[in-house]
Amino acid sequence: MQAAGRTSRNGHARVVRAAGMALLAIAAWPGRSISEEIVAPQHMEAVGTVDLRFQSYNIEMVEITGGRFWKPYPRTVRTLRARDRYSYRPPIDLANRRLRMLAGALGPAYVRVSGTWANATFFADTDNAPAAPPPGFDSVLSRAQWRGVVDFARAVDAEIMTSFAVSAGSRDADGRWTPDQAQRLLAFTQSLGGHIAAAEFMNEPTLAATNGAPAGYDANAYGRDFAIFRAWMRTHSPNLLIVGPGSVGDTSPPSASGIRTRDLLAASGAGLDRFSFHHYNTLSPRCGFRDDPALALSADRLARIDRTLSIYRRLRDEFEPDTPIWLTETADAACGGNASDATFLDTFRYLDQLGRLAKAGVQVVMHNTLAASDYGLLDETTFRPRPNYWAALLWHRLMGTTVLDAGATGTTDLHVYAHCHPKTPGAVSILAINTSRSKSHGLKLPIASERYTLDAGRLQSATVQLNGRTLELATNGGLPVLEARMTPAGTIVVAPASITFLAIPGAANRACR
C-alpha cells in the first residue's frame, strides 16, 4: 500500500493517513506563508452515521404559552440589570409564514417543546382555558396553543419531542407523580392526527430544586417517579421514545448544588430508548457570568463539548450501554445567550460542534432556540435569519448522514470534517473551519469542487456573506439561491476567521454510493 500525500516539489510533506483511509497530509511549502492540507476525498472511509434529523432545534414551552423568558440584549446597551433579565413575551406565532418557511427548509428535524417552564405548565384539556393556572402549576397551555405546535410540526416536517409537568399540581396526596396531565396531552395530540415521537420525563432533573419540582426533590424521588412514568409509557404509548435523563451540570465540581446524574440513573434503573444530556459552553451575563468574546475561537473553548460528552458517554456506557446519545439542548451560553451569539462569531462554534458530535457518534443535536432571545437561529421579533441559521441551512443541504474520516490536521486552528453528500451518490462534502484570526490555511484537492465560503467584515457582525455576497431573504420574502463558486482542482485558501464548505460531486467515494 502506497503512502498518500507525496509531492514532487521541493517542499516537505508529512503523511497523516495511509491510502484507503481518510487521506490528509500536511505540506509546508518553501516561500509560502500558508501550510497545505492535502485531501483525497475519494478515499475517505465511513466512520459512522447520524440520524436523518441530526440537526434539530428547541421551541421553549414558555414561547408556546407566553410568559417571562430571557430578555434579549438591547442593541445600544451591552448589559442588563439583574431585575431586567426576563421580559414578558406573547405566545409565538407558529402560523407565521416566514417562520414556517425557514423552519421547513431545515426539515426533517425534531422540534423539542420543553425547557424549565415546561416542568410546571398545566395543560388545560378544555376548549376554554383558565386565565390562571390551578394550584401547583405556574402557567397554562391551552388546546389552541398545542394545536398550533402540532400544525407547525406537520407543516415543517418536524417530529415533536416534549417533556411533562412534575410540579406539585401533577402529584397525588403522597407526593407521587401521576400521569394524568401527560395522558391528556398525548390523547389530545392523537385526536388532532398528530404524533409525539419522543419525550423526556422532565427538563433537567439535575437542577430539580430550581426547576419546578417539589421542595426537597432528590434522586430517590426521581427514581420513584421515573418508574411510574416508564411503566405508563410502555403501556399507553409503547412506540414513543423514552429519552433521558436530560441532565446538565455534571461538569461542575461535586460540591456544586444539584443532583448528580449518576445518582439519578442509579435510582431509576435502565429503561431509556435514547440517552440525553444538555450542554452550554458558558453562562450569559444574565446569570452573572462573563466570557471574553476574544476567546470564543480558542481551542479550549471549542473543546468544552468534548469534555462534557466524555462525562455523559461514560455514564451511558455504565447504566444504558449502547443506547444512542442525543444532545437535546445546546447553545453557546445558557440563560438566553451572549450578545455575540446572535453574530457570526458564534457560527464557528455552531458548525464545529456539529462536526465534532457527528464524528463522535452523537445522533441528534437540538439547538436552543429556533427563535427566542439572543441564541435563536432567527430574530424573535422579525424571524429574519441570523448567521447561525445560514450555517444550519448549508449544513442541511451539504452534509449527509454518513460521517467520513477526514483525518487530523497539523494545526489547532483548522478544523476539517467530512460527510457524504445527502443527495449525490459518491459525492463528498467537506467543512473547513479556520479559527485563526490572522493565518490562512490551504486545502489541496485533486478534483474540482463547489465552494461555499462564509465570512463577515467583523466577527461580531449580525450579517454574514456567502462567497462575498451578503445573505438575506429575497425581495419576495423567500430564501435566496445559495450559489456555489466552481473551483478547479488545486489549492483552496481558507482565509483567517472564515468557514468553507466544499461539495465534491466527482469524488466517487465508495462509502457514499
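Predicted model: local features only at pLDDT ≥ 70, side-chain atom pairs only at ≥ 80, totals over all residues.
**Exercise 1. Describe the largest pocket: what is its volume, and which residues lie nearest its centre?**

Step 1. Start with the volume, which is about 1300 Å³.

Step 2. Now look at the lining. It is made up of 47 residues, and nearest the centre lie Glu204, Leu207, Val248, Leu283 and Ala334.

Step 3. Next, find the elements that give two or more residues to this lining: strand 6 (67–70), strand 14 (274–283), helix 8 (304–319) and strand 15 (325–334). Strand 14 contributes the most, with six residues.

Step 4. Finish by sorting the lining by class: 18 residues are nonpolar, 19 are polar and ten are charged.

**Exercise 2. Find out how many cavities of 30 Å³ or more the structure has, and describe the lining of the largest cavity.**

Step 1. A search of the whole structure turns up three such cavities.

Step 2. The largest cavity has a volume of about 100 Å³.

Step 3. Pick out its lining in the structure: among the residues are Met61, Phe122, Phe123, Leu141, Phe164 and Leu185. Strand 9 (121–124) and helix 4 (180–191) each provide at least two lining residues.

Step 4. Sort this lining by class, and you get nine nonpolar residues, three polar ones and no charged ones.

**Exercise 3. Work out how helix 5 is oriented relative to helix 6.**

Step 1. Recall what you need: two packed helices are described by the angle between their axes and the distance between the axes.

Step 2. For helix 5 (residues 219–236) and helix 6 (residues 261–268), the angle is about 50 degrees and the axes are 8 Å apart.

Step 3. Because of that angle, helix 5 is oblique to helix 6. The crossing of the two is right-handed.

Step 4. Now see who touches whom. Helix 5 brings Ala219, Asn220, Tyr222, Gly223, Phe226 and Arg230 to the contact, while helix 6 brings Asp263, Leu264, Ala267 and Ser268. By class, this contact has five nonpolar, three polar and two charged residues.

Terms used
Residues numbered from 1 in each chain as written. Heavy atoms only, no water. 1 Å grid on protein atoms, 1.4 Å probe; cavity = no way out; pocket = protein on both sides within 12 Å on 5 of 7 lines; lining within 4 Å. Points joined across faces, edges and corners; volume = space filled by probe spheres on them. Helix = DSSP H or I, 4+ residues; strand = E, 2+ residues; numbered from the N terminus. Nonpolar A, V, L, I, M, F, W, Y, C, P; charged D, E, K, R; others polar. Axes fitted to C-alpha atoms, helices over the stretch in contact; angles between N-to-C directions. Parallel < 35°, antiparallel > 145°, perpendicular 65-115°, else oblique. Left-handed = near helix turned anticlockwise from the far one by under 90°. Contact = heavy atoms within 4.5 Å.
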